[in-house]
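Biologist: I would like to learn how to read a backbone feature and then the overall build of a chain. Could we go through them step by step?

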Amino acid sequence: MTSPRDIEVVVADDEMDIRLLLKLQLRQFGISVVGEASDGREAIDVCESTRPHVVVLDLLMPTMSGFEAIPELQERCPDVKIIAYSAVAGDFARTEMERHGIPLRLKNGDPEPLVAAIRELVDELDADRIG
Amino acid sequence: MTTLGADDLDLVRRRVINVVGHELRTPLTTIRGLAELMSTASDEELRETLIPTLVRNARRAERLLDDLLIAGGVSTAHPVDAGTELDLEPLVAEAVAGTAVEVVGHPDGPVHARREKVSHALGHLVDNANRYCVSPPTLEFDSDAETITVILRTPVDSVVNNLELGFELFFRGEVAVTTSPGLGVGLPVARALARLDGGDVHIEQTDGVVVTRLTLPRPS
């Protein structure tokens, strides 16, 4: 089973300060940020090259949004789990993430819901591998 | 003149509230998260590294509040301090830091204005130039006997339709809507701030370049 120390994530957010915050917060929980991206296109490229367990994906980004990146991410990196991480989560975002089977977490400075979601997804990955 | 119906107004209201929520949540998330990290961090170097980020995000939230007050035209947004003699060069340097904007030349003397307001207006104009350029924008200065003008030249990839509508509150052009989140108050707020000090903001486009001018009075 993957131990907390082994968990690797990519953080995709157009806000540099949010990426810094997540890197520091996740490190406290023994989760490594192995790559960063500032839009959906970069997120796909970084996930392809680093193959993290999970990508934490902002939904509203320039050039290519998280919404746009999800289908391509799922096709090109099927082994990378996705968590949608958004400053606003209206009906559209909730419905779309439910349709894709992607957990949605709200940006609010509290790392614990995000960490819990990352661990759940990594447990699913472990279960898939064992199964 | 087109009259907005109840549905249109409701749509605008919801869009503005959503965007304000998005724009406020980013700095507040950073402030809360970093403050909690700092409260437990034993590493003094890390704490000192995080303080500028904390301050930057607090200022960002404060500016959004100022934008909303100015956009709302409420009297609490009006400055209580008087203008002073002001060198534009350090304010411009601060505004373009970390952007693609290249500064060319120097201002020909000081202006008479309020530091915070000019800094705020410059921030909006530089942010627009940086967001929508297809190659690095330039910032230069012009002057006459009465005024100093900051001129931002932003190369764009196509003709911007309805450029003057950018001065309407909450208006966002097609490129803006499809490329980046924002409230749609940058230009009107920059103009309102400049006018508080007897200046103005104008915008035009020629040959694939959007030219924005911020004019401020020289000291009398």
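Biologist: In which loop of chain B does B:Asp207 lie?

Modeller: Please keep in mind that this is a predicted model. B:Asp207 lies in the loop between strand S6 (200-206) and strand S7 (209-217) of chain B.

Biologist: Where is A:Arg51 placed, and what is its phi?

Modeller: A:Arg51 sits in the loop between helix H2 (40-50) and strand S3 (54-58) of chain A, and it has a positive phi of about 45° without being a glycine. Because A:Arg51 has 14 C-beta neighbours inside 10 Å, it counts as partly exposed.

Biologist: What pattern does chain A follow along the sequence?

Modeller: Chain A has five helices and five strands, and read along the sequence they give the pattern β-α-β-α-β-α-β-α-β-α. The radius of gyration of chain A is 13 Å, close to the 14 Å that the globule rule gives for 131 residues, so chain A is as compact as a globular protein of that length.

Biologist: How many residues does each chain bring to the contact?

Modeller: Chain A brings 15 residues and chain B brings 17 residues; on the side of chain A that touches chain B, eight are nonpolar, four polar and three charged.

Technical notes
Residues are numbered from 1 along each chain as its sequence is written. Chains are lettered from A and ligands numbered from 1 in the order in which they are written. This is a predicted model: local features need pLDDT of at least 70, side-chain atom pairs count only at pLDDT 80 or more; totals for chains, interfaces and linings use all residues. Two residues are in contact if their C-beta atoms, placed from the backbone, lie within 7 Å. Ala, Val, Leu, Ile, Met, Phe, Trp, Tyr, Cys and Pro count as nonpolar, Asp, Glu, Lys and Arg as charged, and the others, Gly among them, as polar. Helices (H or I, at least four residues) and strands (E, at least two) are DSSP runs, numbered from the N terminus. A residue is buried if 20 or more other C-beta atoms lie within 10 Å of its own, exposed if 12 or fewer, and partly exposed in between; C-beta atoms are placed from the backbone. The radius of gyration is taken over C-alpha atoms; the globule rule is 2.2 Å times the number of residues to the power 0.38.
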